[in-house]
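Reader: I would like to go through this model with you, beginning with the sheet and then moving to the helices. Could you start with the terms we shall need?

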Amino acid sequence: MVAALILEPPLWARTQISIPAIWYSLLSFSMLSILAEMQHSSMDKLNLCVDNRYRLERRLGGGGFGVVYEGLCLETGKEVALKLEHVRIDPSILKNEIRIYEELAGGPGIPRVYWHGQEGEYRVMVFDLLGPSLEDLFNFCGRRFSLKTVLVLADQLISRFQYIHSKGFIHRDIKPENMLMGDGRKGNQVYVTDMGLGQKLRDRGENDARCWKISLTGTARYASINGHSGVEQSRRDDMESLGYVLLYFIHGSLPWQGLEAETQEQRDEFILEKKRAITIKELCGGLSKEFLNYFNHVRSLRFKDKPKYAYLRKLFRDLFLREGYKYDNVFDWTELKFLMAIQSSPSGQTDALL
Ligand SMILES: Nc1ncnc2c1ncn2[C@@H]1O[C@H](COP(=O)(O)OP(=O)(O)O)[C@@H](O)[C@H]1O
Ligand SMILES: [Mg+2]
């Protein structure tokens, strides 16, 4: 433990952390008291340290099975992220995530894991601290991205999934909240995170695609049609989900958002019905033919097929050039931050930004 810290008002001072009810039944008294302390709205100090080295500073997100904190390595002064999962979560999702990150280590846009182990009643992974998620940036930009921003993201993300697949894994929970921009000098690079639902590709046997399961893996909004239907997922499903994410960015929403239903299962069912009913042409309404071609390709893939990543990248690169865009690393949020900085500087000076 380290000396008390003065931190900026924590997240729970603004929005109450909601811990799923099941957690309470799993947590011991000691951990409950820590969590209660952490949730207390007047609390502005955190006194927790992992492996006597990593100091927890600020909650960044989470809510599924883990919680993510910003932290500091006391030995090196490096800022890090820490993901915590209670030891009674069985099977461990965090262990799966660590295993996958370790196998993907060194790939562009893959966070690096510095340490993992147990601290008290938590499994902990210490990894690269990244910037905002694409969902955060989407909100920041008024919930619409320009074609240019979408094309640059598409280019990077197709390569990310090509790399992940080349290492024999599929992600299975592709969504804007799990895609984060890098920090500092890696600020223009998209990272793929939250690999806890990732899986080793199982496409060697003959009957793999017939492996059925009961419920949807991942997030209904971006799930592939097969993902909804309980069919074992493969590379094609990641690419279909990525397509939905790109459409969400460019259209501002997806046609199956906001469907009324009594239960979650019913809503998932309605989403699947809508995905099945809508044609690719309707889905890509108002967009260049490249988006149609993207979906035609990924929806035509069979279970074991490798997507034509280079073809998909080329589609979007050709469109990028046709539109006359420049590869200048200027995203919608870069421009917006620049404009806001100009407006808030006393004399409209931009010297500090240049
Ligand atoms: N390495 C990181 N650096 C900065 N923020 C992060 C990092 N990892 C996760 N986050 C934030 O925490 C949120 C939840 O993390 P995630 O790994 O997706 O957990 P969950 O399984 O709860 O969705 C992310 O959407 C992001 O906002
Ligand atoms: Mg997540």
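Author: Two strands pair if DSSP finds at least two bridges between them. Please keep in mind that this is a predicted model.

Reader: Understood. How many helices and strands are there in the protein chain?

Author: The protein chain has 13 helices and 10 strands. It comprises 354 residues, of which 33% count as buried.

Reader: And in what order do the strands of the open sheet come?

Author: The order is S1-S2-S3-S4-S6-S5, six strands with antiparallel pairing. The edges are S1 (49-50) and S5 (113-119), each of which pairs on one side only.

Reader: What about the pairing of S4 with S6?

Author: S4 and S6 (residues 122-128) are paired in the antiparallel sense, over seven bridges. Histidine 86 is placed opposite tyrosine 122 of S6.

Reader: Is S4 mostly covered or mostly open?

Author: S4 (residues 79-86) is mostly covered, with seven of its eight residues buried. Helix H4 (residues 93-104) lies across S4, S5 and S6, and runs at about 30° to S6.

Reader: Which residue does UniProt list for "binding site"?

Author: The UniProt record, an unreviewed entry, lists Lys83 under "binding site". Lysine 83 belongs to strand S4.

Reader: Why does lysine 83 count as buried?

Author: Lysine 83 counts as buried because it has 28 C-beta neighbours inside 10 Å, and the cut-off is 20 or more. Leaving aside neighbours within four places in sequence, lysine 83 is in contact with Gly66, Val68, Leu94, Met125 and Phe127.

Reader: Turning to another part of the chain, where is tyrosine 191 found?

Author: Tyrosine 191 is in strand S9 (residues 190-192). Tyrosine 191 is buried, because 21 other C-beta atoms lie within 10 Å. Not counting residues up to four places away in sequence, tyrosine 191 touches Gly109, Ile110, Pro111, Leu130, Leu180 and Gly182.

Reader: And how far apart are tyrosine 191 and asparagine 178 in space?

Author: Their C-alpha atoms are 8.4 Å apart, with a separation of 13 residues in sequence.

Reader: Now the helices. At what angle do the axes of H8 and H11 cross?

Author: The axes of H8 (residues 235-251) and H11 (residues 289-300) cross at roughly 155° and come within 9 Å. H8 is therefore roughly antiparallel to H11, since angles over 145 degrees count as such.

Reader: Which residues make that contact?

Author: H8 contributes Arg236, Met239, Glu240 and Gly243, and H11 contributes Tyr294, Phe295, Val298 and Arg299. The crossing of H8 past H11 is left-handed.

Reader: Finally, what share of the contacts with a separation of 6 or more comes from residues 24 or more positions apart?

Author: Such residues account for 61% of those contacts in the protein chain.

Key: Residues numbered from 1 in each chain as written. Chains lettered and ligands numbered in written order. Predicted model: local features only at pLDDT ≥ 70, side-chain atom pairs only at ≥ 80, totals over all residues. Buried ≥ 20, exposed ≤ 12 C-beta atoms within 10 Å, placed from the backbone. Helix = DSSP H or I, 4+ residues; strand = E, 2+ residues; numbered from the N terminus. Contact = placed C-beta atoms within 7 Å. UniProt positions renumbered as here; feature names shortened; annotations may be inferred. Axes fitted to C-alpha atoms, helices over the stretch in contact; angles between N-to-C directions. Parallel < 35°, antiparallel > 145°, perpendicular 65-115°, else oblique. Left-handed = near helix turned anticlockwise from the far one by under 90°.
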